Amino acid sequence: MTDPSSPLGHNGGPPLDEDEGPPVPRYCKYCRHWSPPSDWEVRAYEAFQLGISRRRVKRPTGFCDRVLMRPGKPLAFSATTDTFGCLNFSAKPREPLTRGHGFVRIYEGDHIVWQGWEKDLPDEYR
């Protein structure tokens, strides 16, 4: 039932200290070294994929100057798609959560006492 090498009270799961959230696929679009293609290229490709445009458009590619294909080989510059992955992956830092942009309604009974943006909330309702 329990692994004899695990200490008492341990269920064999991963260490809790290293919990960094859900795992990110090791794709270029999540790597800090990758530069994405221009918005124009992405929109043109999406229009072609959806059938809105008949003009053929190649899949947009970004670029990276730190692509590593095999261990021990030098880094290289390459045009890569967003789902490409190399051995030099380094996850982008998480963007900070923005708070205070929600719309709030405060009720007392069935009547609205105050409504507005969360950042403008009066101190008496905080």
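Here is a short walk through the structure above, from its overall layout to a hairpin and then to one histidine. This is a predicted model, in which local features need pLDDT of at least 70 and side-chain atom pairs count only at pLDDT 80 or more, while totals for chains, interfaces and linings use all residues. Residues are numbered from 1 along each chain as its sequence is written, and side-chain values use heavy atoms, with hydrogens and water left out.

Let's start with the layout. The protein has 1 helix and 4 strands, where helices (H or I, at least four residues) and strands (E, at least two) are DSSP runs numbered from the N terminus. Along the sequence, the pattern reads α-β-β-β-β. Of the 126 residues, 17% count as buried, meaning under 20% relative accessible area with a 1.4 Å probe, protein chains only.

Now look at strands E3 (residues 103-108) and E4 (residues 111-117), which run antiparallel and are joined by 6 bridges; two strands pair if DSSP finds at least two bridges between them. They form a hairpin with 2 residues between them, and Glu 108 stands opposite His 111 in E4. In the turn, Gly 109 has a positive phi of about 75 degrees.

Finally, find His 33, in the segment before helix H1 (39-50). Why does His 33 count as buried? Because its relative accessibility is 17%. Leaving aside residues up to four places away in sequence, His 33 touches Phe 63, Cys 64, Arg 66, Asn 88 and Ser 90, where contact means heavy atoms within 4.5 Å.

Technical notes:
Buried means under 20% relative accessible area, exposed over 50%, partly exposed in between (1.4 Å probe, protein chains only).
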